[in-house]
Amino acid sequence: MEIQYRTTQSFERSQLQQLFLAVEWSSGNYPDRLQTAMKNADTVFSAWDGTKLVGLMHAVSDGVMTAYFQYLLVHPDYQSRGIGNALVTAMLGKYKDCARKVLIAYDKEIEFYKSCGFLVGHGKTPMFITYLST
């Protein structure tokens with residue numbers, strides 16, 4: 001089946017939970033919060049195989065200076081099919097005029113993000129206050 005891309009911010013709890021837990025993100029244990037996070041986002045691009053949510057990318061932004069990409073997830077069964085790249089391309093297009101586009105990458109994903117045009121911020125360290133493990 002062909003992957004369809006959407007800009008919805010309305011998801012079933014179970015759709016978000018299944019996707020986040022499939023990539024082993026502990027935030028999948030909080031589907032109510034994820035639902036609210038998607039509704040409160042500036043932009044959410046999602047990827048679908050029929051009715052199955054297989055990928056999404058989420059952004060918060062002031063619209064002119066900074067776009068912060070909080071989530072990029074692609075279900076493991078759908079990785080290496082260009083879905084992540086398509087979602088990043090859509091986000092970069094939406095926020096092309098923002099002066100700063102920011103994300104925090106796990107070490108194993110750095111090369112992917114470099115291939116999308118992101119640079120490692122030397123002399124910068126991401127900092128957190130969180131109860132999530134991933």
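**Strand S2 and its sheet**

OK, let's start with strand S2, residues 43–49: 7 of its 7 residues are buried, where buried means under 20% relative accessible area with a 1.4 Å probe, protein chains only. Strands here are DSSP runs of E, at least two residues, and helices are runs of H or I, at least four, numbered from the N terminus.

Quick caveat: this is a predicted model, so local features need pLDDT of at least 70 and side-chain atom pairs count only at pLDDT 80 or more, while totals for chains, interfaces and linings use all residues. Residues are numbered from 1 along each chain as its sequence is written, and side-chain values use heavy atoms, with hydrogens and water left out.

In a regular strand, side chains alternate between the two faces of the sheet. So which residues of S2 are buried on each side? Thr43, Phe45, Ala47 and Asp49 on one, and Val44, Ser46 and Trp48 on the other.

Now the neighbours. Pairing takes at least two DSSP bridges between two strands. S1, residues 4–6, runs antiparallel to S2 with 3 bridges, and Gln4 sits opposite Trp48. S3, residues 52–61, is also antiparallel to S2, with 7 bridges; there, Ser46 faces Leu56. S2 and S3 make a hairpin with 2 residues between them, and Gly50 in that turn has a positive phi of about 65°.

Zooming out, we have an open sheet of 5 strands, S1-S2-S3-S4-S5, with mixed pairing. S1 and S5 (100–103) are the edges, each pairing on one side only.

Finally, helix H3, residues 83–94, packs on the sheet and touches S1, S2, S3, S4 (66–74) and S5, contact being heavy atoms within 4.5 Å.

Methods
Buried means under 20% relative accessible area, exposed over 50%, partly exposed in between (1.4 Å probe, protein chains only). Axes are lines fitted to C-alpha atoms, for helices over the stretch in contact, and angles run from 0 to 180 degrees between N-to-C directions.
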